Amino acid sequence: RRVVFRYLQDKEAVSELFKEISVKIGDRPGGYTRVIKLGFRKGDAAPIAFIELVDYDENMAKAPKAEVKKTRRSRRSTKKVETENPSIEAPSTEEPSEEGKAE
């Protein structure tokens, strides 16, 4: 506790760490933290990172995972596009009627 307090300098944080957090992750064989590198700070280009306790935050463990897209899809609309000139008709697949045959 004294070594941790030397670094944290916060009595409440040390007591929470040893009373609540150590109970939840104490039986874990190792790997208590996860370090996520966030890039570099704009002002002085110092590297910054996010450090979190693994398997501690219960809200993150219960959060649903985002679905992974399996295929790429185009951004084109699936609706049928009308022709610009309505006088042009698409060829018909129907057989001509009796009137069309007589002519």
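Q: Which residues make the nonpolar surface patch?
A: Ile36, Leu38, Ile48 and Phe50 make it. The patch covers about 350 Å². Keep in mind that this is a predicted model.

Q: Which elements give two or more residues to that patch?
A: E1 and E2 do.

Q: Back up a bit. How many helices and strands are there?
A: The protein chain has 4 helices and 2 strands. Along the sequence the pattern reads α-α-β-β-α-α.

Q: In what sense do E1 and E2 pair, parallel or antiparallel?
A: Antiparallel, over 7 bridges. The two strands form a hairpin, with 6 residues between them.

Q: Which residue in E2 stands opposite valine 35?
A: Isoleucine 51 stands there. Arginine 34 has a bridge partner in E2 too, and that is glutamate 52.

Q: What else links arginine 34 and glutamate 52?
A: A salt bridge. The closest N and O atoms are 2.7 Å apart. The pair links distant parts of the chain: glutamate 52 is in strand E2, arginine 34 is in strand E1, and they are 18 residues apart.

Q: Why can side chains like that pair up?
A: Side chains of opposite charge can pair when their charged atoms come close.

Q: How open is arginine 41?
A: Arginine 41 counts as partly exposed, because its relative accessibility is 42%.

Q: What about E1 as a whole? How many of its residues are buried?
A: The number is 0, out of 8 residues. So E1 lies largely in the open.

Q: And how much of the protein chain is buried?
A: Buried residues make up 6% of the 103 residues. To count as buried, a residue needs under 20% relative accessible area.

Q: What is the accessible surface of the protein chain?
A: About 11100 Å². Carbon and sulfur atoms account for 53% of that surface.

Q: New topic. Which residue in the hairpin turn has a positive phi?
A: Alanine 45. Its phi is about 60 degrees, although it is not a glycine. Alanine 45 lies in the loop between strand E1 (33-40) and strand E2 (47-53). It counts as partly exposed, since its relative accessibility is 48%.

Q: What is the phi of glutamine 9?
A: It is positive, about 55 degrees, and glutamine 9 is not a glycine either.

Q: Where does glutamine 9 sit?
A: In the loop between helix H1 (2-8) and helix H2 (11-25).

Q: Does glutamine 9 count as buried or exposed?
A: Exposed, because its relative accessibility is 56%. The cut-off for exposed is over 50%.

Q: Let's look at tyrosine 32. Where is it?
A: Tyrosine 32 lies in the loop between H2 and E1. It is partly exposed, with a relative accessible area of 36%.

Q: What is tyrosine 32 in contact with, leaving aside neighbours within four places in sequence?
A: Ile25, Glu52, Leu53 and Val54.

Q: How far apart are the C-alpha atoms of tyrosine 32 and valine 54?
A: They are separated by 5.4 Å. Along the chain, the two residues are 22 residues apart.

Q: What does the side chain of tyrosine 32 reach?
A: The backbone oxygen of arginine 28, at 3.0 Å.

Q: Last one. What share of contacts with a separation of 6 or more comes from residues 24 or more positions apart?
A: In the protein chain, that share is 23%.

How values were computed:
Residues are numbered from 1 along each chain as its sequence is written. This is a predicted model: local features need pLDDT of at least 70, side-chain atom pairs count only at pLDDT 80 or more; totals for chains, interfaces and linings use all residues. Side-chain values use heavy atoms; hydrogens and water are left out. Buried means under 20% relative accessible area, exposed over 50%, partly exposed in between (1.4 Å probe, protein chains only). Two strands pair if DSSP finds at least two bridges between them. A salt bridge is a side-chain nitrogen of Lys or Arg within 4 Å of a carboxyl oxygen of Asp or Glu. Patches are made of residues with over 30% relative accessible area and no salt bridge: like charges are joined within 9 Å, nonpolar side chains (Val, Leu, Ile, Met, Phe, Trp, Tyr) within 5 Å. Accessible areas come from the Shrake-Rupley method with a 1.4 Å probe; for residues, only the protein chains shown count as cover. Contact means heavy atoms within 4.5 Å. A polar contact is a pair of N or O atoms within 3.5 Å; within protein, one must be able to donate a hydrogen and the other to accept it, and residues adjacent in sequence count only if both atoms are side-chain atoms.
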